[in-house]
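Please find below a briefing on one protein model, with the sequence and coordinates shown first. The points after the lead are grouped by topic.

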Amino acid sequence: MAAALRCAARGGRRRLRGLLECETLCSRWYLKTSHRLYSATYDPNEKTFEKLLIANRGEIACRVIKTCKKMGIKTVAIHSDVDANAVHVKMADEAVCVGPAPTSKSYLNMDAIMEVIKKTRAQAVHPGYGFLSENKEFARRLAAEGVTFIGPDTHAIQAMGDKIESKLLAKNAKVNTIPGFDGVVKDADEAVRIAREIGYPVMIKASAGGGGKGMRIAWDDEETREGFRFSSQEAASSFGDDRLLIEKFIDNPRHIEIQVLADKHGNALWLNERECSIQRRNQKVVEEAPSTFLDPETRRAMGEQAVALAKAVKYSSAGTVEFLVDSSKNFYFLEMNTRLQVEHPVTECITGLDLVQEMIRVAKGYPLRHKQADIPINGWAVECRVYAEDPYKSFGLPSIGKLSQYQEPLHVPSVRVDSGIQQGSDISIYYDPMISKLITYGSNRAEALKRMEEALDNYVIRGVTHNISLLREVIIHPRFVRGDISTKFLPEVYPDGFKGHKLTDLERRELLATAASLYVAEQLRSQQFLGTQRIPIAKSKRSSWELSVHLGDGIYPVEVSKDGSSFSVEVDGMKLNVTSDWNLASPLLSVTIDGTQRTIQRLSRNASGNTSIQFLGTVYKLQILTKVAAELSKYMPEKAAEDTSSILRSPMPGAVVAVSVKPGDMVSEGQEICVIEAMKMQNSMIAAKTGKVKAVHCKAGDTVGEGDLLVELE
């Protein structure tokens, strides 16, 4: 605790240094947010709290601070030592360190947080999502100190936070529920027995869980035992509660949730639905509101059941009731999240409500200002979760690093970006790898999706691997565009894993022509002498270039001719006209190819002609050489590829949880070698072949980086 108090003064000095910068960050969000995106009104005469502490970090902490500033509420941020220079720390009026990086010692450290509340005299606490947001003990301790918890009371948190109890309450409230075992599973043997009784497939899930953590699908006894082990470990790590339940897995469903809002006076509303079916590892990736699937009758039925459940537990705050919906529009209660949901911005866009403001008002005791008939569906909103992840590995394994360059696409109309990072921020192994939530709005779905496509193309993220290529492919896929989706969308569309955008012949020619034009533009720029009166002895008369461009498995001859600020490029016997302002210093380059506008990003280049270009969301590696250099390159020896069948490398940065083998052990193909935990998700590393263990280069507790050698086989 002394360490936390010592950090307080340092946090104050950092806050002053970052004041000008954080004011810019705040303004950036509001100025770029149109009336349709966000039209909540604020009554300056409606008094709430003088000072509020946000018991969270990152984008959600920044999100709460923005509304507090509008409402005239002073804010207190908490942070771990590695988050000392985080954006939410700079934005808050006060900031106090609560411990070292591990969440159990900082953002889950109730004693330290309670001490900060007393020291800063905060009157209320907003928990955001995750961490302590659904912890009844935290809410109870706040109440005992006379501090207002911005959320429901402890009874509702207990009832809805426990998946077993919530399911029983839902049944009593006549809410449709999934068949399953209404109790705590004691061990793996009991899990197998219950799974057999219910009938495979089954879902094993953490009783106190959420956010896709502590969840496994099992199709047989072996997967049930393995799922029980991993789910209980993840649940204990993420929530401090390893209790599990088992229920029937509804195959090929949609995940649709209803936003509810209730006050302390018995009033409750449903604020329409959110479609959250695009998921990987049970975690949402793309959300939208409304859903293409629901008709008004089904929407109303789901909304009324959600409100009935909220009233059954005397709920008072914003909350979300999640449902699984089958192909016949039968819907089943999944769980209720007693907090602000990650994807709440899409609801704000189509209703005009500020859910954080409504939560604060309700917590102060004010009644709701709206009736059910007042809640509209105005337009369409889509949200993409931008993660520091490699989408080519299991649709997204975490990536860490420093954001060397970062530019949000706020110049695109009707775009909202909820983020808690900036250029220079670190993405670490300790916390969720989310970079931001990118939201676009349109008068209809097609307009919202088109703006999302443009926003993703204009999003600059350098220094970490990100999932923009996957997000862009999802939103333009014909199945997604026509609304034919389910929670199995990603594995069905990409059965062999995500491989990036597959270029059509026309798109391949466009990329080759653009890359060749970029190469020539750079060659011409290198011949210029700026800031000097020096006159070249002889001016270059060159106006055409013969190039060889290597892309994928193909090598393509390309001829480029200069015509003013444009280039005429011949590829595959076809001529393309490429025009741009050729501002090579800009991270974004707008290029027009035969009348088609494309926004590209050149990520890297070297003297060997190698270059990386982000085109249509996917990064393509090319090599551009002159015709002569290409002929000579054939004589260069190629580097032999590493034999990876006898070695196991970490596919992601993380911590080693367990090692199952030692030197001399015989292992079979597919056998578990070790377990790596990254961002609170546990991943089993398996042997690629049968063999004898030659060496083990890691032990439980080690921190490993992507590509680090873990185990060698003979």
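**Charge, model and overall form**

The mean positions of the 93 positive and 90 negative charges of the protein are 5 Å apart. Lys and Arg count as positive and Asp and Glu as negative, while His and the chain ends are not counted; each charge is placed at NZ of Lys, CZ of Arg, CG of Asp or CD of Glu. This is a predicted model, in which local features need pLDDT of at least 70 and side-chain atom pairs count only at pLDDT 80 or more, whereas totals for chains, interfaces and linings use all residues. Residues are numbered from 1 along each chain as its sequence is written, and side-chain values use heavy atoms, with hydrogens and water left out.

**Size and surface**

- The radius of gyration is 27 Å, which agrees with the value near 27 Å for a compact globule of 714 residues; it is taken over C-alpha atoms, and the globule rule is 2.2 Å times the number of residues to the power 0.38.
- Along the principal axes, the C-alpha atoms fill a box of roughly 85 × 70 × 60 Å.
- The protein exposes about 30100 Å², 50% of which is supplied by carbon and sulfur atoms (Shrake-Rupley method, 1.4 Å probe; for residues, only the protein chains shown count as cover).
- Of the 714 residues, 57% are buried (buried is under 20% relative accessible area, exposed over 50%, partly exposed in between; 1.4 Å probe, protein chains only).

**Secondary structure and contacts**

- The protein has 19 helices and 38 strands (DSSP runs numbered from the N terminus: helices are H or I, at least four residues, and strands are E, at least two).
- Of the contacts between residues at least 6 apart in sequence, 65% join residues at least 24 apart (contact means heavy atoms within 4.5 Å).

**Nonpolar cores**

- The largest nonpolar core has 39 residues, and Ile278, Val286, Ile435, Leu438, Tyr459, Ile461 and Phe480 have the most contacts inside it (a core is a set of buried Ala, Val, Leu, Ile, Met, Phe, Trp, Tyr and Cys residues joined through side-chain atoms within 4.5 Å).
- Elements that each supply at least two residues of this core include strand S21 (434–442) and helix H14 (445–457).
- Not counting residues up to four places away in sequence, Ile461 touches Val386, Leu403, Gln405, Tyr406, Ile435, His466 and Ile468.
- A second, separate core of 38 residues includes Ile60, Leu269, Leu271 and Leu353.

**Buried positions**

- In helix H12 (residues 344–351), 8 of 8 residues are buried, among them Glu348 and Cys349. Gly352 follows H12 and has a positive phi, near 80 degrees.
- Met91 lies in helix H4 (residues 87–91) and counts as buried at 2% relative accessibility.
- Thr75 is in strand S2 (residues 74–80) and counts as buried at 1% relative accessibility. Leaving aside neighbours within four places in sequence, Thr75 is in contact with Leu52, Ile54, Ile65, Cys68, Ala92, Asp93 and Glu94.

**Backbone geometry**

- Most residues other than glycine have a negative phi, and most peptide bonds are trans.
- The peptide bond from Tyr200 to Pro201 is cis, with omega near 0 degrees; Pro201 is in the loop between helix H9 (188–198) and strand S6 (202–206).
- Ala289 and Pro290 are joined by a cis peptide bond with omega about -5 degrees.
- Arg281, not a glycine, has a positive phi of about 55 degrees, and at 27% relative accessibility Arg281 counts as partly exposed.
- Ser394 also has a positive phi of about 55 degrees, and at 52% relative accessibility Ser394 counts as exposed.
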